[in-house]
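Hi,

Here is the structure we talked about, ready for you to open. My notes on what turned up are below it.

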Amino acid sequence: MTLEIQEQVDLTPYNSFGVSQTAAYFADIQDPGDLRQAREFAGSKRLSVMVLGQGSNTLFIKDYPGLVLYMNNRGTEKLPGAGLLRVAAGESWHDLVKFCLKNSLYGIENLALIPGTVGAAPIQNIGAYGVELEQFFVELEAFDLKTGEIRHMSKADCQFAYRDSIFKQDPGQKLVVLSVTLQLALEFAPQLGYAGLAAALAGREVTSKGIFDAVCAIRSSKLPDPKQIGNAGSFFKNPVISRAKLASLRESYPELPAWDTEDPELVKVPAAWLLDQKGWKGRQRGGAAVHENHALVLVNRDNASGEDVVLLAQDMSSSVLQSFGIALQTEVWIV
Ligand SMILES: Cc1cc2nc3c(=O)[nH]c(=O)nc-3n(C[C@H](O)[C@H](O)[C@H](O)COP(=O)(O)OP(=O)(O)OC[C@H]3O[C@@H](n4cnc5c(N)ncnc54)[C@H](O)[C@@H]3O)c2cc1C
C-alpha cells in the first residue's frame, strides 16, 4: 500500500499541551513498510524527520518544517516463554497495563495511567511509584532511519537511566521503536516502596488490582487531566546532587528532602520542593501557568504558545539556580 503523506497538518490534537503548531508533512505509520516509504520520501526532499507517539511528553515551540512520523502500529502478542509480551509501539501504555491485569501478568500495575504509547516508554525509561520500565524490559525492535534496517536492541544497548536512555542521545535519535518486549511476572509481588502508595493501601489486602486502583486514584487527585487542561506531566526531572552539596544546602534548608540513588555519593532531591520554596505554584506567564497543586506541572491555561511555556520554565529554573545552585533539566522534549 502506498503511504499517504499529508501536508500542513495542525498538531494541536497530537500534543497533550494542546499548543497549535503545524507539521509541513505528516505520516500515520502502521507498519515497517510505511517507515521505509517515509524514509524514501524524506530523503528525496531532504526533510528532517521526527517521531511522535501521543505527544504527552512533547512541546512544540515552532512549526515543524520536516516529516512527522505518527506511530500508530498495533498489536500485543504473547511470546513462547512465561510472561513474555511483545507490544507494538503505537499501543497505549495504559491499555497495556490493563491488559496485563486482565491476564494475570504482574509488575507494571504501579505504572498505571501514564499517558502515551508503548514505543515512547523506553525513550525516557518511564517510571512512577517506585517502578521503572527497565525492570521489565527485555528488548526492542527499531527501524534505523539512517540505514533503513531493523535492529534488535537489548537492555544494555538501551543504556537506561533515570528518565533517560540511548534514544535521547545521538545516534539513538535516528531509531524508531517498532515494538517492545517485556517480561512480566506470573506471581504477584507488590512493590510498595513509595510511601504514598503504601499509605493508601494500609489496612487492606494488597492485590494488583488494588495497586492499580490506588495509583489511578492518587494520580487523578494530583495531576491535571490533559483532556481538561493541556500539560505534559512533570516538566522538570528531579535533580541528582552530591551528598556534599546536600549537606551544604541543609545548613540553610534543614527540611530539604532527599532520596538515595544507586550511587552512594549521589542523592535525588524533589524539583517540586525547590520550586515550592520559590512560590511558583499558580503563577502565570502569557497563557502558560504553573498548576495550583503541583509546582512541577506547567499547564496551558489560556491558549498558551509553546514559547509561553518555555519562557515560564526558564524563569522557574533560573530562580532555582540562583537560590540553590541547582540547574534543573527538562523532562519534556522541546521541538
Ligand atoms: C498527565 C501526565 C502525567 C505523566 N506522568 C508520567 C510519569 O508518571 N512518569 C513518566 O515517566 N512520564 C510521565 N509522563 C510523560 C509521558 O507520559 C511519557 O513520557 C510517555 O512515555 C510519552 O509517550 P508519548 O507516546 O506521548 O510520547 P511523545 O510525547 O509522542 O514522544 C516523547 C519522545 O519519545 C519519542 N518517541 C515516541 N515514540 C517513539 C518511537 N516509537 N520510537 C522512537 N522514539 C519515539 C519522541 O520522538 C519524543 O522524543 C506524563 C505525562 C502527562 C501528560
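R46 is in the loop between α1 (32–45) and β3, and its phi is positive, about 55 degrees, although R46 is not a glycine. Keep in mind that this is a predicted model.

Another non-glycine residue with a positive phi is Y129, at about 50 degrees. Y129 is also a loop residue, between β8 (127–128) and β9 (131–132). Is Y129 buried or exposed? At 10% relative accessibility, Y129 counts as buried.

Now the overall layout. The chain splits into domain 1 (5–71), domain 2 (77–183) and domain 3 (230–334). Taken over C-alpha atoms, the centres of domain 1 and domain 2 are 21 Å apart. Their contact involves 12 residues from domain 1 and 17 residues from domain 2.

Next, the nonpolar cores. The largest nonpolar core has 44 residues, and the members that touch the most others are F235, F236, L274, L275 and L298. Which elements give two or more residues to this core? They are β2, β3 (49–52), β5, α6 (243–252), α7 (271–277), β18 (288–290) and α8 (306–324). The biggest share comes from α8, with 7 residues.

Leaving out residues up to four places away in sequence, the contacts of L298 include F17, F235, V290, V309, L312 and M316. Apart from this core lies another one, of 41 residues, and L96, I108, M153 and V177 are among them.

V177 also comes up in the strands. In β12, V177 is the bridge partner of A142. That pair belongs to the antiparallel pairing of strand β10 (residues 137–144) with β12, which has 7 bridges. Strand β7 (residues 84–88) runs antiparallel to β12 as well, joined to it by 5 bridges, and there V87 stands opposite V180 in β12. As for burial, 8 of the 9 residues of strand β12 (residues 175–183) are buried, so the strand is largely enclosed by the rest of the structure.

There is also an open sheet of 3 strands, in the order β14-β16-β15, with antiparallel pairing. Why is one side of β14 and of β15 left without a neighbour in the sheet? Both β14 (240–242) and β15 (259–260) stand at the edges with a single partner strand each, so one side of each has no neighbour there. Between β14 and strand β16 (residues 266–268) there are 3 bridges, and S242 has L266 in β16 as its bridge partner.

Searching the whole structure gives 12 aromatic pairs. In one of them, Y14 and Y70, the ring centres are 5.0 Å apart and the planes are at 70 degrees, so the pair is edge-to-face. Y14 sits in the loop between β1 (5–10) and β2 (22–29), while Y70 is in strand β5 (residues 64–71), so the pair ties together parts that are 56 residues apart in sequence. Y14 counts as partly exposed at 22% relative accessibility, whereas Y70, at 18%, counts as buried; the cut-off for buried is under 20%. Together with F26, Y14 and Y70 form one aromatic cluster.

Two charged residues also sit over rings. K268 lies over the face of Y162, 3.7 Å from the ring centre. R283 has its charged end over the ring of W280, at 3.9 Å from the centre.

With 11% relative accessibility, S208 counts as buried. Not counting residues up to four places away in sequence, S208 touches L101, Y106, E109 and F188.

Cheers

Terms used: Residues numbered from 1 in each chain as written. Predicted model: local features only at pLDDT ≥ 70, side-chain atom pairs only at ≥ 80, totals over all residues. Heavy atoms only, no water. Phe/Tyr/Trp six-rings, centres within 6.5 Å; stacked < 30°, edge-to-face > 60°. Helix = DSSP H or I, 4+ residues; strand = E, 2+ residues; numbered from the N terminus. Buried < 20%, exposed > 50% of the residue type's maximum accessible area, 1.4 Å probe, protein only. Lys NZ or Arg CZ within 6 Å of the ring centre and 35° of its normal. Core = buried A, V, L, I, M, F, W, Y, C linked by side-chain atoms within 4.5 Å. Contact = heavy atoms within 4.5 Å. Pairing = 2+ DSSP bridges. Domains from an automatic or database assignment.
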